[in-house]
Amino acid sequence: MDVFESGKLLCYVINLDSKPQQWAVMQKELAAQNIQPLRFPAVNGRSMDGVPDPPRIRHCVYYWRQGRTITPGRQGCFVSHREVWRLFLASDAEYVMVCEDDINLAPDFRQIILESMTYAHTWDYLRVHQGRFWGVFPYATLPCGRQLCTALRDNVSGACYILNRKAADFFYRRTANMCAPSDSTRHYGWRAVRETSIYPSPVTLSEFAAESTITPRSVLGKMHPWHLAWWTMMMYRICFRVHRYSLQFLRAMRRMVFRPKPRPEDK
């Protein structure tokens, strides 16, 4: 009995009530992998009504760090991921896989996840969807041919990932204040949370991704050096990346020297 069948690994799909078609597609994709998903009705973002423990929204801090304002879509995404972590921590499961409803899964997705779980003792946060890769340091090759690696790049993508209870609790506490997008908060590079990526990624964005309610991330083209927020944003990004790249590089070297072995019993 593997982690899916035993209930050790929960699978949540975040889906807006206004997008039933995307939920139907995700159900079909996961059913083909013999994975039973739980639907989380995404928070609209315009209202925090019904959210048991809403985060404090720090508009000023967010603006000076990100160079943009908090839209309802960004706020809804942030709160939705946080609520999934809360539900997971209230359960008896050991891991949670969080999926957004605009992804496509590789044909051998389930097998890739089960093989990655044999190395669960080496990570707290497994990035299943990474997007663009840069600075990849593999430390384990899975039987399917994909690799577990330490990625330097902070490419923000929260389309699919797995957390253990330690990481979920840490991120839940760190997001009590919304000062950055949910995925940026996870990808900051935390010493307390060991991050690993699957390479190449077994998840790609579907055609529904173009219909995202979250506005485009890029703001550099809309700002100029004579904007004060441009300078505060650039300083934050420099500090962010120096911190992350340094931590991930040291983590990569450690993993490459002390090559971890798989533990099939965790599968």
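Which residues is Gln75 in contact with, leaving aside its neighbours within four places in sequence?

## Basis of the description

This is a predicted model, in which local features need pLDDT of at least 70 and side-chain atom pairs count only at pLDDT 80 or more, while totals for chains, interfaces and linings use all residues. Residues are numbered from 1 along each chain as its sequence is written, and side-chain values use heavy atoms, with hydrogens and water left out.

## Gln75 and its surroundings

Gln75 is in contact (heavy atoms within 4.5 Å) with Gly45, Met48, Ile57, Ile70 and Met178, leaving aside its neighbours within four places in sequence. Gln75 lies in helix H4, helices being DSSP runs of H or I with at least four residues and strands runs of E with at least two, numbered from the N terminus. With a relative accessibility of 11%, Gln75 counts as buried; the term buried means under 20% relative accessible area, exposed means over 50%, and partly exposed lies in between (1.4 Å probe, protein chains only).

## The sheet and the helices packed on it

Eight strands make up an open sheet of mixed pairing, in the order S2-S1-S4-S9-S6-S11-S8-S7, where two strands pair if DSSP finds at least two bridges between them. Strand S2 (38-41) and strand S7 (136-141) are the edge strands, each pairing on one side only. On average, neighbouring strands of this sheet are turned by 30° against each other, direction ignored; axes are lines fitted to C-alpha atoms, for helices over the stretch in contact, and angles run from 0 to 180 degrees between N-to-C directions.

Strand S6 (residues 125-127) and strand S9 (residues 160-164) run antiparallel and are joined by three bridges, with Tyr161 in S9 as the bridge partner of Arg127. Helix H4 (residues 72-89) packs on the sheet, where it touches strand S1 (9-15), S2, strand S4 (95-100) and S9, and its direction makes about 155° with that of S4. H8 also packs on the sheet, touching S6, S7, strand S8 (147-151) and strand S11 (195-199), with its direction at about 140° to that of S8.

## Salt bridges

The structure holds eleven salt bridges, each being a side-chain nitrogen of Lys or Arg within 4 Å of a carboxyl oxygen of Asp or Glu. One of them joins the side chains of Glu94 and Lys8 (3.9 Å, N to O); Glu94 lies in the loop between H4 and S4 and Lys8 in the loop between helix H1 (3-6) and S1, so the pair ties together parts that are 86 residues apart in sequence.

Asp124 forms a salt bridge with Lys166, with the closest N and O atoms 3.7 Å apart. This pair links distant parts of the chain, 42 residues apart, since Asp124 is in the loop between helix H5 (109-117) and S6 and Lys166 is in helix H6. Asp124 counts as buried at 2% relative accessibility, whereas Lys166 counts as partly exposed at 46%. Within helix H6, Arg173 and Asp169 lie four residues apart, about one turn of the helix, and their salt bridge has its closest N and O atoms 3.0 Å apart.

## Backbone features

Most residues other than glycine have a negative phi, and most peptide bonds are trans. Asn34, in the loop between helix H2 (20-32) and S2, has a positive phi near 60° and is exposed, with a relative accessible area of 53%. The peptide bond from Tyr199 to Pro200 is cis, with omega near -10°, and Pro200 is placed in the loop between S11 and strand S12 (203-205).
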